[in-house]
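Dear colleague,

I am passing on the structure below, and would be grateful if you could look through it alongside the notes that follow.

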Amino acid sequence: MTMTEGAKTAAATYLTSTYTYIGLGVGGDSTNPNTNELDAPAGSRVAITPVISGLSSIDYKMTFSGSSYTGLTLKEAGIFSASSGGTMLTRVNFAGIGPISASESFEIIITVEVE
């Protein structure tokens, strides 16, 4: 099945209005499609404004201060529908960033494509 371009745009619009929080964590296990939380959340989820780029891509961008994650090595990020609980859209593992010092700041960009 192939989605029409109009349906891709509608799906991307729905995702940008529903999944508006990013959470970071220190877990590094493989992603299980049945889970609804990060392996090891660190700190609170942050509200963001996702941006549709192109017909079917969505950029989730977060800049965070090291003072919120001092001493941690971050290894995962997730996109969620609520500040706590809710539904997780996706979880991304990455090479560890850290240990983080209070004076550092970082930017994470997750691009989701609707195909």
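**What was found**

Of the 115 residues of the chain, 34% count as buried, where buried means under 20% relative accessible area, exposed over 50% and partly exposed in between, with a 1.4 Å probe and protein chains only. Please bear in mind that this is a predicted model, in which local features need pLDDT of at least 70 and side-chain atom pairs count only at pLDDT 80 or more, while totals for chains, interfaces and linings use all residues. Residues are numbered from 1 along each chain as its sequence is written, and side-chain values use heavy atoms, with hydrogens and water left out.

The chain has one helix and seven strands, these being DSSP runs numbered from the N terminus (H or I of at least four residues for helices, E of at least two for strands), and from the N terminus on their order is α-β-β-β-β-β-β-β. The radius of gyration, taken over C-alpha atoms, is 15 Å, close to the 13 Å that the globule rule gives for 115 residues, so the chain is as compact as a globular protein of that length; the rule is 2.2 Å times the number of residues to the power 0.38.

Four strands form an open sheet in the order β2-β1-β5-β6, with antiparallel pairing, where two strands pair if DSSP finds at least two bridges between them. Its edge strands are β2 (41-47) and β6 (88-97), each of which pairs on one side only. Strand β1 (residues 21-25) pairs with β2 in the antiparallel sense over four bridges, and Ile22 has Val46 in β2 as its bridge partner.

Thr20 is placed in the loop between α1 (5-18) and β1, and counts as buried because its relative accessibility is 19%. Leaving out residues up to four places away in sequence, Thr20 touches Val46, Ala47, Ile48, Pro50 and Phe80, contact meaning heavy atoms within 4.5 Å.

Gly66, for its part, lies in the loop between β4 (57-65) and β5 (74-80), and counts as buried because its relative accessibility is 0%. Apart from neighbours within four places in sequence, Gly66 is in contact with Ile100, Ser101, Ala102, Glu104 and Ser105. The C-alpha atoms of Gly66 and Phe94, 28 residues apart along the chain, are separated by 17 Å.

Finally, among contacts in the chain between residues at least 6 apart in sequence, 72% join residues at least 24 apart.
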